[in-house]
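Dear colleague,

I am passing this structure on to you, and I would be glad if you could look through it before reading my notes. They follow directly below the display.

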Amino acid sequence: MSYQLSHYYKSTKSNRDIFQELMAFKVKEILLVANLYDSYSVAREGEFFERIEGEYRQLNLYAAPRITNVSSHDDAMSALRHCKPDMVILMAGLDKKMPLELAQKIKEKHPDLAILLLVNNNSDLSYFGDEGTKSNAIDRVFVWNGDSKVFLAMIKYVEDKKNVANDTRIGDSRIILLVEDSIRYYTRYLPILYSLVMVQTQNVVSEHSPDDLNMILKMRARPKILLASNYEEAQNIVKQYGDNLLCVISDMTFEKDGKKQHNVGQLLLKEITAQLAIPCLMQSSDKRNIILAKELGVSFLWKDCETLSHEILSFLTKRCGFGDFAFKTTGGKCIDKASVLEEFKEKLSSIPVESIKYHSGRQGISSWFMARGEINLAKKLRRHRLSETPHPEDLRKYILDAIFDNYLQKLRGRVIEFDTDFLSSNRIIVRLGNGSLGGKGRGLAFLSHFIENTEFGELLPGITVATPKTAIIGVEEFNYFIEENHLYDEIYARQDIEKIKDVFVNSQLSPALKEKLKIYVDNIKSPLAIRSSGLFEDSMLQPFAGVYATYFLPNNHPDVDVRFSQLEIAVKLVYASIFSETALNYFDATKYKIEEERMAVIIQEIVGQSHGQYFYPTVSGVAQSYNYYPFSYMKPEDGFSVAAIGMGELVVGGEKSHRFCPQYPKLELTSVADQIKDSQTHFYAIDLQANFDVKHEKDITVKLPLKMAEKDGVLKHTAQVYDIHNQRLGNDFSLKGPRVVNFANILKYDRWPLAKSLSVLLDFFEQAMGAPVEIEYAVEMDGNEQPILYLLQIKPLIKKDSNVTVNIDSVNKESAVCVLEGGMGNGHYKHIRDVVYMKTELFDKTQTDKMAQEVAYLNKKLQQEEKEYILVGAGRWGTRDRFIGVPVFWSQIANARIIIEMGLKELPLEASLGSHFFHNVTSMNVGYFSAPYNSEANFVNIELLEDQKVINETSYFKHVRFEQPLDVKMDGKNRKALIAIQL
């Protein structure tokens with residue numbers, strides 16, 4: 001089943017992204033229609049346009065709009081055809097009818113174009129007020145008062161009206177509602193309000209704005225100012241944008257039901273205050289209305305006062321949160337102030353209880369947050385109604401927790417700079433050093449972002465999807481470490497990885513990183529995995545999987561200095577792993593230069609639980625979205641997963657573990673007898689009593705028998721018992737008999753929705769990355785015995801398809817080196833002459849380590865000759881279980897273009913399951929095929945190989961070379977391969 005990613009993925013945009021989308025409509029072009037005299041009067045011999053530009057510059061706004069000035073009706077209509085203005089301003093001169101007629105004509109041709117009328121003086125207001133109201137073509141009438149700020153207000157009025165729906169939806173923008181029908185008064189109010197709002201927004205954003213562009217973008221998030229001139233308009237705005245209202249400023253007399261009514265403003269404010277806890281200001285030319293204002297609990301402003309601007313500023317500062325927050329005592333005495341949110345949080349932590357009591361019964365705190373754009377936080381505090389919290393200390397804690405949660409919500413799924421407050425959170429990734437996160441770190445950052453922005457709750461009830469607590473040291477620290485310690489000469493002079501380790505351990509990390517690492521281990525006391533994250537690692541084009549080192553730390557020593565020292569050494573050893581023999585061979589195989597590589601380091605909390613001396617997860621595994629070995633009615637696109645008990649080392653190493661298809665978890669892939677034979681018999685865990693040191697860094701991971709997991713109670717979720725008497729698998733662990741780790745309770749009986757979760761995640765991630773993917777995961781239960789699926793890593797699997805057709809029916813078996821079905825790989829090669837094959841008659845399970853060394857020797861010889869080859873051997877290649885195959889590392893066979901696994905009578909064949917091995921195979925498009933024992937459809941012509949010229953021979957392998965290049969065909973679509981002598 002395929003899930004539509006876009007339905008569930010709701011990306012939380014960063015503030016910068018949101019700001020970019022705000023104020024989508026900008027007035028960039030204005031058509032000003034005024035006769036020559038009026039135009040001259042307004043422009044004042046050219047100074048007007050400079051003053052408009054000055055207003056924009058002073059308020060850090062974008063470039064002021066261009067103004068095209070025309071003086072006649074015909075010129076206006078002509079200009080409309082060329083300049084395409086965003087708004088039109090008509091100035092009313094002696095001819096009062098002309099602007100109304102022109103407005104009508106413009107509106108007929110451009111119905112969405114905003115048209116404002118600017119009246120020259122107050123004496124004309126009565127005429128244009130009535131006529132403007134009657135005219136559907138005039139959007140608003142303003143009066144020229146000699147101040148260029150009125151033009152700024154007119155422009156911003158149009159922009160706010162056009163943008164409010166979009167900006168409240170995507171940016172939760174705040175709104176100041178002005179209810180006023182008097183042209184003279186709203187012409188006076190709007191310039192004042194816009195100036196105050198712009199200055200307030202500047203003050204708020206300047207504290208955290210690293211650059212001018214960021215400040216300009218943030219200015220877009222300023223409160224919108226909406227103007228309503230009658231009761232119905234005001235009610236509609238309240239109904240539509242009530243949650244975003246910052247405050248309401250209302251006159252007392254305006255129209256309701258088409259008739260002007262006295263004290264209708266009282267009715268409006270009463271209705272608003274009853275449903276919204278926001279500051280309101282009653283403004284009236286009748287001073288006696290102050291009594292009504294007090295009855296409603298709102299502020300009052302006398303409209304005709306000489307200090308109108310100051311009074312509005314006072315209201316916005318005291319009631320709407322503009323300016324500093326004043327911490328007051330019960331008597332209203334100010335005892336402290338906070339200018340920014342961080343300062344508010346710091347002072348709230350220590351102010352006297354008396355001040356908290358004072359503020360508990362008021363909405364001043366939420367209003368202050370609202371004025372700073374912290375809308376979600378303000379709404380949360382308003383809904384809580386602080387006065388209902390009986391104990392001041394509880395209220396203090398509630399507000400501080402709300403601030404933290406709000407901050408965390410903004411950061412979720414992001415990589416943030418080092419902050420001790422967030423070290424213990426698994427919802428963000430903390431950066432300990434600058435620079436790239438590397439391939440693996442980039443994958444983790446993507447996982448964190450994806451999880452936090454995808455609504456898994458409705459899709460996957462019963463399980464939580466998360467990432468472990470993670471911190472990343474960027475690659476710039478690696479550059480510093482190499483350069484400041486002068487390690488370049490040491491690296492290339494020594495060549496011995498053990499000596500390089502010693503040099504690295506005795507070198508110094510930067511003082512800043514050391515300080516952060518010490519703080520980190522002082523806060524995090526659970527076991528840690530220190531992982532590599534090279535620039536090439538797990539990338540789309542270069543696999544580099546499993547090449548570098550990972551170190552585990554118990555991180556439980558009582559002395560923080562010891563824990564810090566162990567962590568510091570582990571970081572240095574990860575750096576040193578770039579120069580290991582395995583890594584150097586890999587660089588040679590992939591044709592990359594080691595000088596190009598840089599190393600980031602991931603510090604990740606290990607998923608699991610303590611079981612006495614040992615620590616391990618209930619389940620660990622890998623899952624791939626493309627299955628190269630589908631079975632029964634499975635399709636390759638259904639994917640597969642391999643799971644095991646304990647640390648994931650067992651799974652990625654290709655040891656015995658349980659394989660299943662997430663789409664069909666109840667499908668039996670093997671018989672009961674095979675399940676018993678192939679079941680996991682041991683697991684890996686962290687030894688919490690082990691002491692990490694440079695010489696024995698691997699001793700911390702121990703191999704334990706399965707009975708230890710049964711003793712810890714883990715098998716009840718993950719295994720079944722073979723009932724010898726009834727010859728079936730059951731759940732009665734009191735019986736004697738083999739324990740079979742098949743996760744039946746989870747996969748067959750749906751104790752946890754693990755299979756569905758993996759299926760959904762693989763589907764989503766493949767859609768998101770545009771390629772098949774592999775994820776590493778672990779499952780552990782929380783304190784309520786509910787499962788948490790932790791995603792540890794993600795990497796792409798590059799599946800390359802091309803039109804290669806293999807017709808096995810027409811094969812001449814005498815000229816065929818091999819015919820294979822059911823493998824993977826795609827391509828047509830005509831350059832390979834070399835084959836390295838195992839003397840299968842000498843295969844010895846106890847000698848596979850020696851076999852690995854021999855094939856590594858032959859591979860190196862072929863690398864030196866720059867020749868690719870075909871590798872043939874018994875059992876699994878790349879397994880860490882040496883009894884079922886050859887435990888080679890990828891670098892030891894890296895020049896093999898085709899890898900073939902042969903089954904023997906005493907060694908039945910199954911596909912390799914090692915995660916790192918498979919990632920390299922698929923990413924590098926290496927052919928990988930199996931030839932089961934006595935299979936008619938699959939064979940390797942050993943007799944033909946024996947006839948070829950022997951180039952090199954070891955105890956267990958022969959390297960032969962054909963006289964002519966072989967014809968190698970791999971049909972990835974039909975999963976067939978044919979290797980034959982070219983005829």
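Is Lys345 buried, partly exposed or exposed? With a relative accessible area of 21%, Lys345 is partly exposed, where buried means under 20% relative accessible area, exposed means over 50% and partly exposed lies in between, using a 1.4 Å probe and protein chains only.

Please keep in mind that this is a predicted model, in which local features need pLDDT of at least 70 and side-chain atom pairs count only at pLDDT 80 or more, while totals for chains, interfaces and linings use all residues. Residues are numbered from 1 along each chain as its sequence is written, and side-chain values use heavy atoms, with hydrogens and water left out.

Salt bridges

A salt bridge here is a side-chain nitrogen of Lys or Arg within 4 Å of a carboxyl oxygen of Asp or Glu, and by this rule the count comes to 32. Lys345 takes part in one with Glu342, at 3.4 Å from N to O; both residues lie in helix H15, three residues apart, about one turn of the helix. Helices (H or I, at least four residues) and strands (E, at least two) are DSSP runs, numbered from the N terminus.

Helix H15 (residues 341-348) also holds Lys347, whose partner Asp336 lies in strand E14, so this pair ties together parts that are eleven residues apart in sequence. The side chains of Asp336 and Lys347 meet at 2.9 Å, N to O; Lys347 is buried, with a relative accessible area of 18%, whereas Asp336, at 28%, counts as partly exposed.

Lys303 forms a salt bridge with Glu180, with the closest N and O atoms 3.0 Å apart. Because Lys303 lies in the loop between strand E12 (299-302) and helix H14 (308-319), and Glu180 in the loop between strand E6 (175-179) and H9, the pair ties together parts that are 123 residues apart in sequence. Lys303 counts as buried at 4% relative accessibility, and Glu180 counts as buried at 0%. Together with Asp251, these two residues are linked in a network of salt bridges.

Nonpolar cores

A nonpolar core is a set of buried Ala, Val, Leu, Ile, Met, Phe, Trp, Tyr and Cys residues joined through side-chain atoms within 4.5 Å. The largest one has 92 residues, and those with the most contacts inside it are Leu316 and Phe344. Helix H9 (residues 183-206) gives the largest share of this core, eleven residues. Apart from it lies another core, of 53 residues, among them Phe660, Phe683, Leu704 and Val741.

Two bridges join strand E29 (residues 720-723) to E31, and the bridge partner of Gln720 in E31 is Val740.

Two positive phi values

Lys84, in the loop between helix H5 (73-83) and strand E3 (87-92), has a phi near 45°, a positive value in a residue other than glycine, and at 66% relative accessibility Lys84 counts as exposed. Asn263, in the loop between strand E10 (259-261) and helix H12 (264-275), has a positive phi near 60° and is partly exposed, with a relative accessible area of 35%.

With best wishes

Technical notes
Two strands pair if DSSP finds at least two bridges between them.
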